[in-house]
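Hi,

Here is the structure I said I would pass on. Have a look at it first, and then read my notes below.

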Amino acid sequence: MRHVSKFLTLVSAGTAYRRSGSALSFAFACGLGVLTMGSGTAEAQSSKSKASSEDLTNPAPMGSETQPVPPLSTTIPGFLQSPYGPPSFGAPYGTTHMFGTWGGVQPWLQKHGIYVAVDVYESLMGNVTGGRHQTETNAGQVGVTVDLDWHQILGGDWSKDLWLHTLMVNGHGRNLSGDIGDNVTQAQQIYGARGNVVAHLVWAYAEKAWFNRKVDLAAGWIPTGTFFNNSPWLCSFTNVSMCGNVTPTKYLNGGRDWPSGNMGTVLRLMPNPHLYLMGGLFAVSPHSYNGGISGWSWAQSGLGKLSTEVELGWIPEFGKDKLIGHYKVGAMYDNSRYHDLYDDGSGQAWVLSGRSPRYQSGQTSVWVLMDQMLIRHGDGPMNGLMLAGYYSYASGQTSAMNHHLVGSLLDTGKLWGRPLDTWGIAYQWMNFSRAATLQQEASFDNGLPFQSTNFGVPHGIQSHENIYEFFYSYHIMNGLTLQPDFQYFNRLGGTTRYKDAAVLGLVFNAAL
């Protein structure tokens, strides 16, 4: 569903953003969890100054800090000295390109305050066993980002740390998980939510910092997960329930994430490089597509309700090796009214009584994310053995999924002489709410069709789903990675309707 968070890891890491940060980043989120910056060896990196690598707005993903930093990177102002804290602003995709400087075009553009990145992402996957039937699909995306540094363009003190950020994507392909019978999650990051259009707008927002970048304000068309409930390691994995900001928040109207944008604003306070507080206010769209299928229809009907998100983050560095960690806690409240999944107002199932569902006032979600470096392999915020995980909750009366728990372990390939490669293992547990289960039981017992929820129409009575994932990302050359991926789905779609599915995949990512 997203690869800004790989095309982004987003901006917050950056996902991609994922920002769901990297040679490409989110964000995509949804950051580029697997892209790397530059080439070379760990020994070569030791000859580079640490300051030059921190000058990148979004540092490269885990392991890539072992590479020498390309000279172009020093031209990008970093809005954070503490890597992978809250979202870093400036050009979110870095400056490493598979095609180098584009014949001198890139240095000229950057000298004049224009930062351009193009990313191509393809994900070929198939279930070797289990599911509704055996099949294979490809889902891909082309993304283009343009960032303008108005201080370089216009000059003057008033324009210092003033930026405009834009991102558009074009998606294609089919959804493997939908084909094999899983309506809850997707094995592929890139599928859906962008409409069948040539250029879907993901974000277009202005950003300004004051007081040596300790205060930062962003406003415009913004995916909420580009800033909130995102972490640097999420989009290293391919499953979309991890990539970008976390599930189930991003499946709530008030927390829809990449590639869905929202009219809104975000204020970030960072008194020191190890602590930040962010708050955001966003318009809530009642439609299936925020901004229409193209993302350009900002003045949709029914935008009278608001979603508020807050997040507190701590970014410590322990010991002489500066073992960095990221600890975040946040919450979202949407003041819209939503149908109860089960109750008709009298405690009975509305699928049987014929009455209208009871309205619930407001919708709440909370999240806790963490990662901690255990062993450092070299310079860089993610260059080492990392233990990571998160927990997220949403109100089960209006969200079919109410609990989501993830644990993961990530590292580089330094131990076998491949310091630019990365690998990771992860486990996900997704639990479905009592209200959703009661509704489904009432429908099943009375021969009625299952009703749609914020996770689509189930294939059976849902309880929980377990997902196991392993990936290995090969660094081929500057801006080019190839990532084999294995996922095992236990209780596909949260039900026992279909047999457990084993999925093999191959992801190609190129930062042109």
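Start with Ile 222, whose bridge partner in S6 is Asn 262. That bridge belongs to a set of eight that join S5 to S6, and these two strands run antiparallel. Before going on, please keep in mind that this is a predicted model.

S5 has a partner in S4 as well. Strand S4 covers residues 200–210 and pairs with S5 over seven bridges, again in the antiparallel sense. If you want a place to look, find Tyr 205, which stands opposite Gly 220 in S5. S4 and S5 make a hairpin with four residues between them. In that turn, Phe 211 has a positive phi of about 55°. Is S5 mostly covered or mostly open? Mostly covered: six of its eight residues are buried.

Tyr 205 turns up again among the rings. Ring pairs link Tyr 205 with Trp 203 and Phe 227 into a cluster.

That brings me to the aromatic pairs, of which the structure holds 14. One of them is formed by Trp 233 and Tyr 390 and is tilted, with 6.3 Å centre to centre and 35° between the planes. What does this pair tie together? Trp 233 lies in the loop between strand S5 (215–222) and strand S6 (262–272), and Tyr 390 lies in strand S12 (residues 384–394), so the pair ties together parts that are 157 residues apart in sequence. As for cover, Trp 233 counts as buried because its relative accessibility is 1%, and the cut-off is under 20%. Tyr 390 is buried too, with a relative accessible area of 3%.

Another tilted pair is Tyr 468 with Tyr 488, at 6.5 Å centre to centre and 50° between the planes. Here Tyr 468 sits in strand S15 (residues 464–477) and Tyr 488 in strand S16 (residues 480–490), so the parts tied together are 20 residues apart in sequence. How exposed are these two rings' residues? Tyr 468 is partly exposed, with a relative accessible area of 39%, and Tyr 488 is partly exposed with 29%.

The charged end of Arg 337 sits over the ring of Tyr 359, 4.3 Å from its centre.

Now for a helix. H8 takes in residues 434–445, which is 12 residues. From its first C-alpha to its last, H8 reaches 16 Å, close to the 16 Å expected at 1.5 Å a residue. Which residues of H8 are buried? They are Ala 435, Ala 436, Thr 437, Gln 439, Gln 440, Ala 442 and Ser 443. What do they pack against? The buried residues of H8 pack against helix H7 (350–353) and strand S14 (418–432). After H8 comes Gly 447, with a positive phi near 65°.

Finally, the whole chain. There are eight helices and 17 strands in it. Of its 512 residues, 61% count as buried. The accessible surface of the chain comes to about 17,700 Å², and 62% of that belongs to carbon and sulfur atoms.

That's what I have for now. Over to you!

Definitions and conventions: Residues numbered from 1 in each chain as written. Predicted model: local features only at pLDDT ≥ 70, side-chain atom pairs only at ≥ 80, totals over all residues. Heavy atoms only, no water. Buried < 20%, exposed > 50% of the residue type's maximum accessible area, 1.4 Å probe, protein only. Areas by Shrake-Rupley, 256 points an atom, 1.4 Å probe, with all protein chains shown as cover. Phe/Tyr/Trp six-rings, centres within 6.5 Å; stacked < 30°, edge-to-face > 60°. Lys NZ or Arg CZ within 6 Å of the ring centre and 35° of its normal. Expected span 1.5 Å × (residues − 1). Contact = heavy atoms within 4.5 Å. Pairing = 2+ DSSP bridges.
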